[in-house]
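Welcome! Here is a friendly walk through a protein structure. Have the sequence and the 3D view open as you read.

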Amino acid sequence: MQIEINNHLFRLLPQKAIFWKTRKTLLIGDLHLGKITHFRNSGIAVPSGAFLNNFQRMEHLILNNDAERIILLGDLFHNIYNAEWELFANWRRKFHSIEIIIVLGNHDILPYALFEEINIRVEDYWQEENFIFLHHPMEHPEENYVFCGHVHPVYCLRSRTQSIKLPCFIIDNNQAILPSFGVFTGGYEMKKVKGRSIFIIAENEVMKV
Amino acid sequence: MEFQQTPGYKILQKWLRSRKWKPAPFQLETMDAFLSGKSGLLNAPTGSGKTYALWFPVLVNYINTTKEFKTKPPKGLQILWITPLRALAKDLQRNMQQACDAMEIPWQVGIRTGDSNTKDKASQKKQMPQALIITPESLHILFSQKNSSEIFNSLHTIVIDEWHELIGSKRGVQTELALSRLRTINPGLRTWGISATIGNLEQAKTILLGNEQNKNSITIIAKSTKKIVVETLLPEKIESLPWSGYLGIRLLKEVVDIVKKSRSTLLFTNTRWQSETWYQAIIEHYPEFAGIAALHHGSLDKDLRAWVEESLHNEKLKLVVCTSSLDLGVDFRPVETVIQIGSPKSISRFVQRAGRSGHQPGAVSKIYFTPTNSLELIEAVSFRKGIENNILEDREPFINAYDVLAQWMVTLAVGEGFDEKSLFEEVKNTNSFKMIIRKDWEWMLGYITTGSSSLIAYDEFKKVEIENGRFVVKDRKIAMRHRLSMGTIVSDSALTVKFQHGKYLGSIEESFVSRLKPGDVFWFAGMSVEFIRIREMAVTVRKAPPGKKGVIPQWMGGRMSLSSNLSQFIRDRLSESIDHPGKEIEIKKLQPLLQLQSSRSAVPRSDELLIEQFEARDGHHIFIFPFEGRLVHEGMSALLAYRLTQLFPITFSIAMNDYGFELLSDQYVNIREIVKTSNIFTTDNLLNDIHASVNATEMAKRKFREIASIAGLIFQGFPGRQVKARQLQASSSLLFDVIFEYEKDNLFVRQAFQEVLYYQLEEVRLRKALTRINSQKLLIKEIDKPSPLSFPILVDRLREQLTSEKLNVRIQKMLIDYSDAD
């Protein structure tokens, strides 16, 4: 699914990311790496293999779209340091030629040094042309178009007989909210409002509601 | 009997004589069996003196075996008395202590439940009383203490009260596991159960005693002389009863007339919503009841409920409108009358409620049945027949409750730790886990130690550790978190409701609250309240200004499904109504309706299965009436729809009630021809077809919530410190998705699917029903107007759709639907 914002083309991908075509940049929100391990360290047995899927999907996205850069929209790492960071660091070294920028989210409490060690540029927000990238949605986005995460938007499709909750992209007039990228992240139900387009992700497809 | 010559019995007899009590035959029989060293099961109703039947022989035995029984009481716990209900503990304790004091036995009878205060707990830790009344949950907590086997060293007797209440639940599994442990600590342990009448009494005994002890055991049945009379409240004219409906408010006047005539009444309803509605209607139409009527249901605050129970006890209330929350428990001596609104769907439940009245010896228990729709009159007759023939439902024990087992293993590891080989044998001795295989056991060990299916650790997962071959929990934080989340009763994700000044009223479901705006008025706990705000799982309200009316909240898990025993009776009563229309008053009243049924369609006989076909503007309807209850119909309708979709391309929408179900489609299905060529009711391939027909994954996901909580995958947070645990919170459906996707051999996911199959779709009953249908004649009727039997299903708005389409296609269609709706 492709949309146009401020004369730039953006691809909404079923892997829960956006590809900014004109800049060969992947936008990825809310990975929450380390969450599974954090649970496991506290004695809650979430399957440990699950987080590998995050890396596989990122790898797939880079190769398939020929991406040269990633902007992470915050909440990359769930909480305090644990072994999952090292897996991420290894993955990063494998794709060292890719430029990575992170705009920090409320969960990102790791020391900056860890990011810098693996060549990730740390920012509170990032502006480029007439776009702003940051973690928290803005209440009143103005001139520049905003890309953000934080909310983990899902949309509930309801018919007379059934309802299904699906992750979605929220595309408002001045702001886009990305679905959470991480395997082990929940969702917050979003409603349709005026001027808002919602794109749901159903298995391998992105569909407009 | 020989024991009557012993010194202990003489002392007992002296006390009994002073109170002019004469032991009942069943009490003597129980004493005799107990004193000859037997274990067993006592089947006796509430209020019959069942407690004393087992408490007396314990005391007699003590006197007989202790020389200086007045001065040198034994140290340590002698007897455990398990009760399912905290509220029962106080009454029990009073009665048991009283007997000790009167017989000059210096024993202490203590209580240990979730309500016990820290002071009592601390003094019990120092010195256990001789007898301890305890809930299954609190018993498990004792096992999480470091000195647990010391506590139980001197234990020689264990009594499980109200076993029928525990056996069909996961608390029953908890009890089984604890019993097995106690028998390892003390092989000579005597075990006695007390149970009300249930269908599978012998099985209940075997489960409780275990195979070894069961060999030399006895079942004692107290002959009940109490008679139960069922009277149906009948409207003047049958036409004033609706064809469908679950409320029954049209008989308000008739009900209140009966309430007025008696000193005290319990008005049983089947759902919390129904109880609130009835209470509101009574207060509105008969304001004189304000102050002498009260409401009691499971979502009301426990202090509020305790107040109602106490007031009822003290005869301060004339009427209590209640739900199953008052099914068991406290002996309400003063209750004179019991009224049941709507069918409770099970004979046992009906009998239990009837038993709440007429506790005086020799008194008659009378229950007034108030039908909420005309067809329930058949159920009224069926209840009466069931009671006459003493037919009661089975309570099926839980099998393979891995979640409870996981919790138990961690509990023991928090306590003294365990050796896995001997614990495996011990666990296999229980009924719930007699089939567990070594491979699954090893999975469980992996789950609690490495958080994976193997015992090899490759990350920092920490819960249970292995130290010198023993499985132990060393991390204090983990131990504390486990103690806080023990238990098998998982509360729904409810919000608490409170007044501004802080008084709690009860709990309410989030889905209801999310629709409220500040200033909205709703009816809760029998009063009209105004919504102020919601903050951190608490809803603040104030009393609404007079005259403002509001809606009544719905709670989930409302309707019960018809029990198999009752459904058999209903089929027979219908059949009987053809040949003996005037035999029972209710059937006689129902004649106009039954005649309409037979003129528009037919009334099925016992050996017939009625199928109605009917075309309307919304499509082609097929109604099938197996009379097996909604749960079985849920599975059977999906199964049939699936099998028909295999024959030719078609989509069905499905609706059901307790009597039958409906398949609705936009094309005509020639049932008459289809059943000639293919057996759509076959039991061949049943499991595969069920899996293909129902959305088992969605259903399992819903079951998973409880399982994940019990197994320790969901941490509810520390009381009063919610924020701190936020990093560890994940919804059960998210957990289910991740585990389902990434851990194929997970036992808890498997358990969720099994629970769906056995407890929700009632696979065993479904199979039996299909077998029966295969021996029945099919009575196929084309009708032009809905019959009285099909009408209630036709108007039911809860519908499900059977589709074999892929998710993407489904969503495409929903998107189209959705844009149509806009």
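A residue is called buried if 20 or more other C-beta atoms lie within 10 Å of its own, exposed if 12 or fewer do, and partly exposed in between, with the C-beta atoms placed from the backbone. Helices (H or I, at least four residues) and strands (E, at least two) are DSSP runs, numbered from the N terminus.

## What you are looking at

This is a predicted model, in which local features need pLDDT of at least 70 and side-chain atom pairs count only at pLDDT 80 or more, while totals for chains, interfaces and linings use all residues. Residues are numbered from 1 along each chain as its sequence is written, and chains are lettered from A and ligands numbered from 1 in the order in which they are written.

## A sheet of seven strands

Let us begin with chain B. Seven of its strands form an open sheet with parallel pairing, in the order β3-β4-β2-β5-β6-β1-β7; two strands pair if DSSP finds at least two bridges between them. β3 and β7 of chain B stand at the edges with a single partner strand each, so one side of each has no neighbour in the sheet. On average, neighbouring strands here are turned by 15 degrees against each other, direction ignored. Angles run from 0 to 180 degrees between N-to-C directions, and axes are lines fitted to C-alpha atoms, for helices over the stretch in contact.

Now look at strand β1 (residues 39-43) of chain B, where five of five residues are buried. B:Ser39, B:Leu41 and B:Asn43 point one way from the strand, while B:Gly40 and B:Leu42 point the other way. Which residues stand opposite B:Leu42 in the strands beside it? In β7(B) the answer is B:Ile220, and in β6(B) the bridge partner is B:Ile194. Five bridges join β1(B) to strand β7 (residues 217-221) of chain B, and four join β1(B) to strand β6 (residues 190-195) of chain B. Elsewhere in the sheet, four bridges link the parallel strands β2 (residues 79-82) and β5 (residues 157-160) of chain B, with B:Leu80 partnered by B:Ile158.

Touching here means contact: two residues are in contact if their C-beta atoms, placed from the backbone, lie within 7 Å. Helix α10 (residues 201-214) of chain B lies across β1, β5, β6 and β7 of chain B and runs at about 175 degrees to β6(B).

## A sheet of six strands

Chain B also has an open sheet of six strands with parallel pairing, in the order β8-β13-β12-β9-β11-β10. At the edges are β8 (228-232) and β10 of chain B, each with a single partner strand, so one side of each is left without a neighbour in the sheet. Neighbouring strands of this sheet are turned by 20 degrees against each other on average, direction ignored. Helix α15(B) packs on the sheet, touching β8 and β13 (365-370) of chain B, and its direction makes about 170 degrees with that of β8(B).

Is strand β11 (residues 319-322) of chain B covered on one face or on both? Both faces are covered: B:Leu319 and B:Val321 on one side and B:Val320 and B:Cys322 on the other are all buried. Four bridges join β11(B) to the parallel strand β9 (residues 265-268) of chain B, where B:Leu266 has B:Val320 as its bridge partner. Four bridges also join β11(B) to the parallel strand β10 (residues 293-296) of chain B, and B:His296 stands opposite B:Cys322. From β10(B) the chain crosses through helix α13 (residues 302-313) of chain B to β11(B), in a right-handed β-α-β crossover. Right-handed means that, with the strands pointing away from the viewer, the path from the first strand over the helix to the second runs clockwise.

The axes of helix α14 (residues 347-354) and helix α15 (residues 376-388) of chain B come within 10 Å and cross at roughly 80 degrees. The contact is made by B:Ile347, B:Phe350 and B:Val351 of α14(B) and B:Phe383, B:Gly386 and B:Ile387 of α15(B).

A:His150 has a phi near 70 degrees, a positive value in a residue other than glycine. A:His150 is buried, with 21 other C-beta atoms within 10 Å. B:Glu104 also has a positive phi, near 55 degrees, and counts as exposed, with 12 C-beta neighbours inside 10 Å.
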